[in-house]
Amino acid sequence: MFLLNRRTKGDVVFDTLNNLGMLIICFVTLYPIWYVLINSFNDGKDAMLGGIYWWPRVFSLENYEAVFNNPGIMTAMGLTVAKTVLGVVAHVFFTAMVAYAFSRRDLIAGKFYILMGTVTMIFSGGLIPTYLLIRDLNLLDNFLVYIIPVLFSFFDLIIFMTFFRDIPDGLEEAARIDGANDWTVFLRVVLPVSMPVLATIALFHGVYQWNDYFAGIIYVNKESLQPIQTFLYRVVAQSSSNIMTTALQGSAVTKTVTSQSVKLATMVVTTLPIVFAYPFLQRYFVKGMMIGSIKG
């Protein structure tokens, strides 16, 4: 009995320390996000004094008014939504189509193709050859530069291929008995039962498309073709002055905000859409992460 009580007390101590550790990890993870949020709602000049840790000291919406009154941000936001939606649809469909072919065990030289694809995951041509290729394809200052270069991912192909191989062969055989060809089997049998992996890859690529700023910096010079993350990058990079004066629409009063406060407000605006989209895909995401974890 004494040993049982001693072990029980040890378990209680362990559980307490474990819960405390989880709380600390959650706090360390979430507090930076909270800090950015509260400072984005605080008066810009007042925030320069520091000391804002938990709540806005001087609540203000001027930072967000300055962001949304910027003529370029709405264009950048619309472009980002367009490239994210089109990029996800194109990437998921094209990669799934190739992965379906790779999942066929009777594919001639299939192991050789997989070996070639694995090599590309380890080695790449580098930035300069990639830029020269993009230039030769006439994709510079072209909306398709956000779609075509990332149309295919071999890493995503492996995830698709693993899932497709777990689909019962009887489904495909039944469809072929009814006269279905390869395209019909892929579009009407394979894809409808592959929602977990489709949603997982869509989430992966959607987050990439939404957060990508590098392509807009390297391959695009037109401001009308720059996505929201490139817009945010330029706000951060070009904020050389501490105080910016902005005339707000519908008001005769000129208000001042700091470059830091505008940067924080822009970060919140660019982050919220992907945060709101994640809960709708979370259940598929969890299922997709279990792909290939159990055999037999």
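## Ground rules and overview

Helices (H or I, at least four residues) and strands (E, at least two) are DSSP runs, numbered from the N terminus. By that count, the protein comes out with 13 helices and 2 strands. This is a predicted model, where local features need pLDDT of at least 70, side-chain atom pairs count only at pLDDT 80 or more, and totals for chains, interfaces and linings use all residues. Residues are numbered from 1 along each chain as its sequence is written, and side-chain values use heavy atoms, with hydrogens and water left out.

Of the 296 residues of the protein, 34% count as buried (under 20% relative accessible area; exposed is over 50%, partly exposed in between, with a 1.4 Å probe and protein chains only). Now for contacts, meaning heavy atoms within 4.5 Å. Take those between residues at least 6 apart in sequence: 70% of them join residues at least 24 apart.

An unreviewed UniProt entry lists "transmembrane region" for residues 20-38, 73-100, 112-131, 143-164, 185-204 and 264-281. Positions follow the numbering used here, feature names are shortened, and such annotations may be inferred rather than shown by experiment.

Two of those spans can be set against the model. Residues 112-131 are 80% helix and 0% strand, and their end C-alpha atoms lie 28 Å apart. For residues 143-164 the model gives 50% helix and 0% strand, with 32 Å between the end C-alpha atoms.

## α4 against α7

Helix α4 (residues 71-103) packs on helix α7 (residues 154-165) at an angle of about 55 degrees, with the axes 8 Å apart. Axes here are lines fitted to C-alpha atoms, for helices over the stretch in contact, and angles run from 0 to 180 degrees between N-to-C directions. The pair is therefore oblique (under 35 degrees is roughly parallel, over 145 roughly antiparallel, 65 to 115 roughly perpendicular, and the rest oblique).

On the α4 side, the residues involved are His 91, Val 92, Thr 95, Ala 96, Val 98, Ala 99, Tyr 100, Phe 102 and Ser 103, and they meet Phe 154, Asp 156, Leu 157, Phe 160, Met 161, Phe 164 and Arg 165 of α7. Sorted by class, that makes 11 nonpolar, 3 polar and 2 charged residues. Here Ala, Val, Leu, Ile, Met, Phe, Trp, Tyr, Cys and Pro are nonpolar, Asp, Glu, Lys and Arg are charged, and the others, Gly among them, are polar.

## α4 against α9

Helix α4 also meets helix α9 (residues 182-190): the axes come within 12 Å and cross at roughly 120 degrees. That makes α4 and α9 oblique to each other, and the crossing is right-handed. From α4 come Phe 93, Ala 96, Met 97 and Tyr 100, while α9 supplies Asp 182, Trp 183, Val 185, Phe 186, Leu 187 and Val 190. The α4–α9 contact has 9 nonpolar residues, no polar ones and 1 charged.

Most residues other than glycine have a negative phi. Asn 138 sits in the loop between α6 (127-136) and α7, and at 60% relative accessibility it counts as exposed.

Asp 141 is in the loop between α6 and α7 too. Its phi is near 55 degrees, again positive without being a glycine. With a relative accessible area of 26%, Asp 141 is partly exposed.

Gly 44 belongs to helix α2 (residues 44-47) and is buried, at 3% relative accessible area. Gly 44 and Thr 258 are 214 residues apart in sequence, yet their C-alpha atoms are 5.0 Å apart. Setting aside residues up to four places away in sequence, Gly 44 touches Asn 63, Thr 258 and Ser 261.

Gln 226 lies in the loop between α11 (214-218) and α12 (228-237), and is buried at 6%. Beyond four places in sequence, its contacts are Ala 76, Leu 79, Tyr 146, Gly 216, Val 220, Asn 221 and Arg 234. His 205, in helix α10 (residues 195-211), is buried at 6% relative accessibility. Neighbours within four places aside, His 205 is in contact with Gly 87, Val 88, His 91 and Val 150.

How values were computed:
Left-handed = near helix turned anticlockwise from the far one by under 90°.
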